[in-house]
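Biologist: I would like to learn how to read a structure of this kind one feature at a time. Could you give me the general idea first and then the case before us?

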Amino acid sequence: MCILYISYRSHPRYSLIVAANRDELYERPSAPAGFWPDHPGVFAGRDLREGGTWLGMTTGGRFAALTNVRDLARLKKEAPSRGLLVRDFLCGDEHPLSCLERLKARSDRYSGYNIIVGNREGFFYFSNLKDSVTQLRPGSYGLSNHFLDTPWPKVRLARERLDRVMAGGEEPSPEDIFHILADRSKPADADLPDTGVGLVWERILSSVFVRTEGYGTRSSTVIFVEHGGNVRFIERVFNGEPESYETMVGKFMLDASALL
């Protein structure tokens, strides 16, 4: 995933609201979000090449999401797929903090990543390019291909617009959120980060919704988790064109002992 917004325990109706775009090569085979046959409690999309995922939730209240860190100097070509880290957390029963402390001990095995994991016992953030684990307090957070809340233009813009949608305790509209996730506007060159990919690619990757000939936003996801445990998981899967997509809506209930 390449942009992630989380509203955690800061809305009167929802304990968790997530808005995210996953950017990937169009040719990489993926399955849309749904319950996994081999792990029936996991609801997530799936990378059909490596078997991992980028974002998911379980009926047991476990949540995980991952973004890559854009740092070509630290790219490990033979490293394991980072999506397996999300898969393993969703399919396991490890405490979120214990999981991240374990990942910290072997952080050099992977290319750069950010991961957020959580359940009713708390939500936590870790990047393998940093040496600390951060517990999320109630509030909103933005994440792209650098560290949590790095004020890249697209992170700052999306977070400000999403915070306005959440403000006042009113019912947030999924369409309003998808509209924000579909934004293809680009900031001025002077405001772009320098991540080593060159100015042309910095421009391409600077929009919330990314589109190129062979790479771009493959899916947009909006998740609502009510305090009472009802989950709505809405995903739009794109086929290389922002105006061409299929929508999937999943609804399920968290186990009574797993309420966030």
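Biologist: Which strand gives the largest share of the lining of the largest pocket?

Modeller: A pocket is found on a 1 Å grid over the protein atoms alone, as an open set of points with protein on both sides within 12 Å along at least five of seven lines, and its lining residues have an atom within 4 Å of a point. Helices (H or I, at least four residues) and strands (E, at least two) are DSSP runs, numbered from the N terminus. Here E2 gives the largest share, with four residues, while strand E2 (14–25) and strand E6 (63–68) each supply at least two. This is a predicted model, in which local features need pLDDT of at least 70 and side-chain atom pairs count only at pLDDT 80 or more, whereas totals for chains, interfaces and linings use all residues. Residues are numbered from 1 along each chain as its sequence is written, and side-chain values use heavy atoms, with hydrogens and water left out.

Biologist: What volume does the largest pocket have, and which residues lie nearest its centre?

Modeller: A volume is the space filled by probe spheres set on the grid points, which are joined across faces, edges and corners. For the largest pocket this comes to about 1000 Å³. Of its 32 lining residues, Glu24, Arg28, Asn68, Leu75 and Arg82 lie nearest the centre. Sorted by class (Ala, Val, Leu, Ile, Met, Phe, Trp, Tyr, Cys and Pro as nonpolar; Asp, Glu, Lys and Arg as charged; the others, Gly among them, as polar), the lining divides into 14 nonpolar, six polar and 12 charged residues.

Biologist: In what order do the strands of the open sheet stand?

Modeller: Strands of a sheet pair through backbone hydrogen bonds, either parallel or antiparallel. Pairing is called when DSSP finds at least two bridges between two strands. In this open sheet six strands stand in the order E10-E1-E2-E11-E12-E13, with antiparallel pairing. Strand E10 (139–143) and strand E13 (245–253) are at the edges with a single partner strand each, so one side of each has no neighbour in the sheet. Within the sheet, E1 and E10 pair over five bridges, with Ser140 in E10 as the bridge partner of Ser7, whereas strand E11 (215–226) and strand E12 (230–238) pair over seven bridges.

Biologist: Which strands does H3 lie across, and is E10 mostly covered or mostly open?

Modeller: Axes are lines fitted to C-alpha atoms, for helices over the stretch in contact (heavy atoms within 4.5 Å), and angles run from 0 to 180 degrees between N-to-C directions. H3 lies across E1, E2 and E10, and runs at about 35° to E1. Helix H4 (174–181) also packs on the sheet, touching E2, E11 and E12, with its direction at about 150° to that of E11. Buried means under 20% relative accessible area, exposed over 50%, and partly exposed in between (1.4 Å probe, protein chains only). E10 is mostly covered, with five of its five residues buried: Gly139, Tyr141 and Leu143 are on one side, and Ser140 and Gly142 on the other.

Biologist: How do Trp54 and Arg211 count, as buried, partly exposed or exposed?

Modeller: Trp54, in the loop between strand E4 and strand E5, counts as buried because its relative accessibility is 7%. Its contacts, not counting residues up to four places away in sequence, include Met1, Arg22, Val86 and Ser219. Arg211, in the loop between helix H5 (199–204) and E11, counts as partly exposed because its relative accessibility is 43%. Arg211 and Gly240 are 29 residues apart in sequence and 7.2 Å apart in space, C-alpha to C-alpha, and Gly240 is among the residues that Arg211 touches.

Conventions
On a 1 Å grid over the protein atoms alone, a cavity is a set of points where a 1.4 Å probe fits but cannot get out, and a pocket is an open set with protein on both sides within 12 Å along at least five of seven lines; lining residues have an atom within 4 Å of a point.
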